[in-house]
Amino acid sequence: GDTESLANISENTLFALEKTTRTKRTAYDYINESRAQALKGNVLLANNSHKEAQTAFLAAFVAAKTANNQSPEMTIAQEQYGQAAFWMGKYHQKRHPRIAEDYWSIYRDEYQKLHKDNLENPNFTMELSYALDSLGTIYEGQGEPDKALVYFEDSIRLKDLAAQSGKNNSDWKFESIVTGSRIGNIQVATGKLADAQKTYEASIRDLDELVRNNDSANEWKRQLASLHQLKSRLSVMQGNLESADEEMKKAINRFQEIVSFDTYRTDWREMLAKAHYDAAEVARLQRNPDINKHLLEAEKIISYLSTDGTPPASLRRTKAGILITRALTGKHENKSALFDLAVSELKSIHDEQRKDSHTLSMLAFSLISRGKYKLQEKKIDYAVSDFELARSLLSSVKSKIKDPKLIGPLVYIEESVNRQAITAEERIWLNRIGYFHPDFMHQRQPLHTPQPN
């Protein structure tokens, strides 16, 4: 975390290189320049100087490319060219994913050559697998799950191959499990719930064994907690609320374990808050009185993390989710105000992060939930307005149901429909806005067999 020292290292390196004229520079000089500029870019990113960081990463890429062109047979030049391409892709990943794809394709190509020429070197094998993970992430985010799946499966094959070398065996096995969980996410997003269940269960089994052999590996424990949480969400989709509850208890126990180990990790505390929120949702579906206990725990953590100013968007989303849950289960006189607060918060986050599908899906769910409540109050115009805005939001996402972040809220909506928790009047309005259109019903798994109306 000492960015000042890192900045000094990069600036001193660049200053020393300035003494060497461009005509006399060797490939090693360009490699060192590329490393220094990449380091400088990371320091600038850490300080939120994004434009300056882009300039540094581009300079790193150009220097590495020059070194590689000058000495294409030099392994270290190929490595640095691939690394510089990685950082350019990382910079563009969120804003311009297709540009990131171009750079990460270079990253993959360079390490593909290095892997092919150095089959005995597991480090090149692992780096190639990371490149495939990076490209898989792009395709997953762009609504191309089948393409992403191919990259993730190839990545696991390479990680398992590297792990057989005996060096860093446990670490690389862990990396393989992480990629496996992403395959599970894609299987959920494409409606292959039985396959996803097998994938998650295998990942949990393998990671549980790693954790037993290394009790101090808190990052592994965090991933294990997240896997239990994913398995719980899957169980909700399958209608197995007992399993969902059991998995959430395991997730919370693991998160509490790592939070107690390092109380300064705010990201781990945030994960624990989200786990309590998920547990409250399971309790809501079960009509379990534990719901209030989990909501209070989540609110307590959020309050603690919000003392230093405006909390991050992810924490604000969880807070809005808690408001929705309280509105769905609370007293009649409080419902309207709680729904309004949740919708207002989620609209604010959505305005800030237009491309975030998680916020979009939660906003759509909150609008449909509020719309249902407005129907109960006989405020038809308000209800229709909420339903139409929800439909518009979901229609704006090309990959709709293919995005795993959209699955959860849509499942809760589907759960209400399957339980016949909506009235005939509500069904008429949902039909009118096209909720039952095939585009929306495609690949969703009903939780319960609906009874005739």
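Modeller: A helix here is a DSSP run of H or I with at least four residues, and helices are numbered from the N terminus. The model is a predicted one.

I begin with helix α16, which covers residues 357-376. Its 20 residues reach 29 Å from the first C-alpha to the last, close to the 28 Å expected at 1.5 Å a residue. The helix is mostly covered, with 18 of its 20 residues buried. Just after α16 comes K378, with a positive phi of about 65°. K378 takes this positive phi although it is not a glycine. Its place is the loop between α16 and α17 (380-395). K378 counts as exposed because its relative accessible area is 61%, the cut-off being over 50%.

R287 also has a positive phi without being a glycine, in this case of about 55°. This residue lies in the loop between α12 and α13 (291-305). With a relative accessible area of 65%, R287 is exposed.

Two packed helices are described by the angle between their axes and the distance between the axes. For α10 (residues 218-237) and α12 (residues 266-286), the angle is about 20° and the axes are 11 Å apart. The two helices are therefore roughly parallel to each other, since angles under 35 degrees count as such. The crossing of α10 past α12 is left-handed. On the α10 side, the contact is made by N218, E219, R222, Q229, S232, R233 and V236. Their counterparts in α12 are W268, M271, K274, A275, D278, V282 and L285.

The buried residues of α5 are P97, A100, E101, Y103, W104, S105, Y107, R108, E110, Y111, L114 and H115. These buried residues pack against α3 (50-70), α4 (75-92), α6 (122-141) and α7 (145-163).

Definitions and conventions:
Residues numbered from 1 in each chain as written. Predicted model: local features only at pLDDT ≥ 70, side-chain atom pairs only at ≥ 80, totals over all residues. Heavy atoms only, no water. Axes fitted to C-alpha atoms, helices over the stretch in contact; angles between N-to-C directions. Parallel < 35°, antiparallel > 145°, perpendicular 65-115°, else oblique. Left-handed = near helix turned anticlockwise from the far one by under 90°. Contact = heavy atoms within 4.5 Å. Expected span 1.5 Å × (residues − 1). Buried < 20%, exposed > 50% of the residue type's maximum accessible area, 1.4 Å probe, protein only.
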